[in-house]
Amino acid sequence: MSLADARTLEALDFASVRERVVEATRTHRGRARAASLAPESTFEAVADAQRRTAAMRTLQRENDFYIMPAVDTQPVTEAAAVGQTLGAPELRSIGDALSAAAAAYRAVQERSDLAGVVAAYRPLRELAGALVRAIDERGNVLDRASPALGRIRRAIAHANAEARDRISKILGSAKNAKAIQEHIVTIRNGRFVIPIKSEFAGAVPGIVHDTSSSGQTLFVEPLGALESNNRVRTLQLEEEREVNRILDGLSRDVGREAMQIEINVEMLAVLDLLYAKAEVAKRGDAVAPELTEEAEVTIHHGRHPLLGERAVAQSLRVDGDVRLLLISGPNMGGKTVALKMAGLFVIMTYCGMQLPAAVGTRIGKFARVIADIGDEQSLVANTSTFSAHLARLREVLDGAGPSTLALLDEIGAGTEPNTGAALARALLEGLLRRGARAIVSTHSLELKLFAHSTPGVANASVRFDPATFAPTFELDVGTPGQSLALPLASRLGIEAQIIARAEELLEGRQREYEAALVDLSARSSKLRDTQASLGRERAEVAQQLESLARERRQLEEERRKFAARAEERLAARLREFVQELTRAQSQGEAQRRRAARVTPAQTRALSTTIEAIHRDLGIAQRDASADRAMVYAPGDRVLVSSMNQSATVAEDWDDRLLVSIGSMKMLVAKADVRRESASTGASTEPRSEGAAVRLAAAARGNPSLDVRGMRYAQAEPIVEKWIDDALLAGTTPLRLIHGKGTGMLGRGLQEYLHAHPGVTAVRYANEEEGSTGVTIIDLRA
């Protein structure tokens, strides 16, 4: 059973939607497929069709994919299959179709969602190449079709030139001057001839091939050119035989591959249809609908696909909660447009088409879509408009079920209003009992009240301008609509007295209802304006929040760059300090083989410099009073943060500490130290970045290094750095602890040390110093 019958598709104007797909196709067979486009029969097929259309849309967007034009090859391949020789244009059309199929296949072969479409494709490169090489786009067999054809055509060109030369000489002969009608060489019956005046018929010996319409001119082949013309004609016959041989051979090749050619061209047609669907979706700014197993139609800002730029976005929903939507309002306000849009969206979804709507539009699983829209009066069937509607409503009820979507326009109209409203209500109750989904338009007050009081039924109305009563074609779900008959009559020029009398004739309940609707409409309009204003404000706030977040990210990035610059400045100052220390040592202030000593003045200068750098660059420091309150005892282990170096407290000097870093002593601010835990020797607070730089610039004096447990590749760069620091600090001798083990680490490091330019002596330690597990190193002064 099909999703929708022909009357429903006609009522929804689906043929016009389908024609847009037809116009977007590029191949003859694809056009035929588009012309017969119909809803899929199963929901699984619908999901597959939607995936394929989405994949083709992605292919169009990302790879600029398109389909090359191609004719339907089936009639000619069938003829070739039974042994007929095809003409050159027909063979060329097959070659073009195969080339188009090959190009399409190459573009989509990696797309998993399109794998089923191209699964049966098999390339016919040799056949397609032979057809295209042999025949040009105009259907002419080319010289390159065969070597023999090329030779024959070259010979024909030579023979033609020879024959033309002979004829030209005869034309130029003085004795024939009076007989010549015109000095031109022309062709009759494939032979070169000259025009002779009829009264000089025997003056030029030759064969008459034709006469002019007036009889005044004879077209004569001179006997002197007979041999040349015969040679041309002989070669032309050879050419015809060779061309026929080529066409016959190509036709046999096509006949052998007829079945695969049709498979390939059919694949091209399927891709062409998908391309057309994607192209229509792109032009309409459409989206892929979400599919749900429930019987549901949820449309967000949907636009009727046939209205183009004139379409006004409408939103509506029918599902398990709102099974029946009743749309009311003035004529020409958009009620029927909403009905048709909903029906078309379901049909289009089931045809694998995308929808001109917003993301989040959902289409559910339906077994039947049926519509009763428009005037179906038939003089032949002797039915009035109302009886035709009743017959259609009977069809709606007969097949209604939980998977039915009914679209009913002006239900109950065409008869006495009260009776029509009662019949319409009973029919809608029947649809609800059967679990069907329905979208219905009406002007009936009774049906609006029914929708208001019945669970599962919702009112909706088409909006209008409260000042001019002009329709806006927008849809308000939850609010019943007004007929606006009297305001429209007044606006169209009906006498005020007649309008006033009509208002008097309205029943009191009707007048109160209309007044209440006017008030409700005004409030709804005000609420919409408020919502729109809030939406704009919300968008502005979101924009401001995004701007603030962006500024925050920028400030954070600047802060990181600022901190990095601070680290660089600090490292530079420390390097300058160490260089000064080195110069002092070289001038004799320090004795060779003694650890470097830092003067109090240097220590104070270093601490002052570090504090100034922190202050200038805005690097946060701890509260000075809290730092002074911290008490350190001699022997406490601390971490000097600015150098990322462990130190031992020698003395506590109020807001500063005298610490030992290896053999070097220096004063540091308490704000620059962190107490290390006793168990692990690690700082109780995180260390700062730039440890390697600050360590290189810090005191270089630790005379011992333990690399036990390391591999040579790990230990070598550490030892190299340790030696460099010791050379800079003037520390010597050094004690390298590498352990005994297999002895490979110790031997490897000793070989490295022997080659080091700063090392003067290397030896294993004696028993008191650690034996062969320790290497003693002497450095240059």
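Biologist: In which sense, parallel or antiparallel, do S8 and strand S12 (residues 437-442) pair?

Modeller: S8 and S12 pair in the parallel sense, over five bridges; two strands count as paired if DSSP finds at least two bridges between them. Strands of a sheet pair through backbone hydrogen bonds, either parallel or antiparallel. One place to look is leucine 326, which stands opposite valine 440 in S12. Helices (H or I, at least four residues) and strands (E, at least two) are DSSP runs, numbered from the N terminus. This is a predicted model, in which local features need pLDDT of at least 70 and side-chain atom pairs count only at pLDDT 80 or more, while totals for chains, interfaces and linings use all residues. Residues are numbered from 1 along each chain as its sequence is written, and side-chain values use heavy atoms, with hydrogens and water left out.

Biologist: How many of the five residues of strand S8 (residues 324-328) are buried?

Modeller: Five of the five are buried, so S8 is largely enclosed by the rest of the structure. Here buried means under 20% relative accessible area, exposed means over 50%, and partly exposed lies in between (1.4 Å probe, protein chains only). Both faces of S8 are covered, with Leu324, Leu326 and Ser328 buried on one side and Leu325 and Ile327 buried on the other.

Biologist: What order do the strands of the open sheet of four have?

Modeller: The order is S5-S9-S6-S7, and the pairing is mixed. Strand S5 (290-291) and strand S7 (314-318) stand at the edges with a single partner strand each, so one side of each has no neighbour in the sheet. Within this sheet, strand S6 (residues 297-302) and S7 pair in the antiparallel sense over four bridges, and glycine 302 stands opposite glutamine 314 in S7.

Biologist: Which strands are joined to S16, and by how many bridges?

Modeller: Strand S15 (residues 637-640) is joined to strand S16 (residues 645-653) by four bridges, and the two run antiparallel; valine 640 stands opposite glutamine 645 in S16. S16 is also joined by five bridges to strand S17 (residues 656-661), again running antiparallel, and there glutamate 651 stands opposite leucine 658 in S17.

Biologist: How many aromatic pairs does the structure hold?

Modeller: There are three aromatic pairs. One of them is phenylalanine 43 with tyrosine 350, whose ring centres are 6.0 Å apart and whose planes are at 45°, so this pair is tilted. Phenylalanine 43 belongs to helix H4 (residues 43-63) and tyrosine 350 to helix H12 (residues 335-350), so the pair ties together parts that are 307 residues apart in sequence. Phenylalanine 43 counts as buried at 9% relative accessibility, and tyrosine 350 counts as buried at 2%. Phenylalanine 65 and tyrosine 275 form an edge-to-face pair, with 6.3 Å from centre to centre and 70° between the planes. That pair links distant parts of the chain, 210 residues apart, since phenylalanine 65 is in the loop between H4 and helix H5 (74-81) and tyrosine 275 is in helix H11 (residues 258-283). The rule behind these names is that rings of Phe, Tyr and Trp (its six-membered ring) pair if their centres lie within 6.5 Å, with planes under 30 degrees apart counted as stacked, over 60 as edge-to-face and the rest as tilted.

Biologist: At what angle do H5 and helix H10 (residues 226-256) pack?

Modeller: H5 and H10 pack at an angle of about 100°, with their axes 7 Å apart; axes are lines fitted to C-alpha atoms, for helices over the stretch in contact, and angles run from 0 to 180 degrees between N-to-C directions. The two helices are therefore roughly perpendicular to each other, as angles under 35 degrees count as roughly parallel, over 145 as roughly antiparallel, 65 to 115 as roughly perpendicular and the rest as oblique. Thr77, Ala80 and Ala81 in H5 meet Ser251, Val254 and Gly255 in H10, where contact means heavy atoms within 4.5 Å.

Biologist: With which residues is serine 228 in contact, leaving aside its neighbours within four places in sequence?

Modeller: Serine 228, which is found in helix H10, is in contact with Glu162, Ala163 and Arg166 once those neighbours are left aside. With a relative accessible area of 5%, serine 228 is buried.
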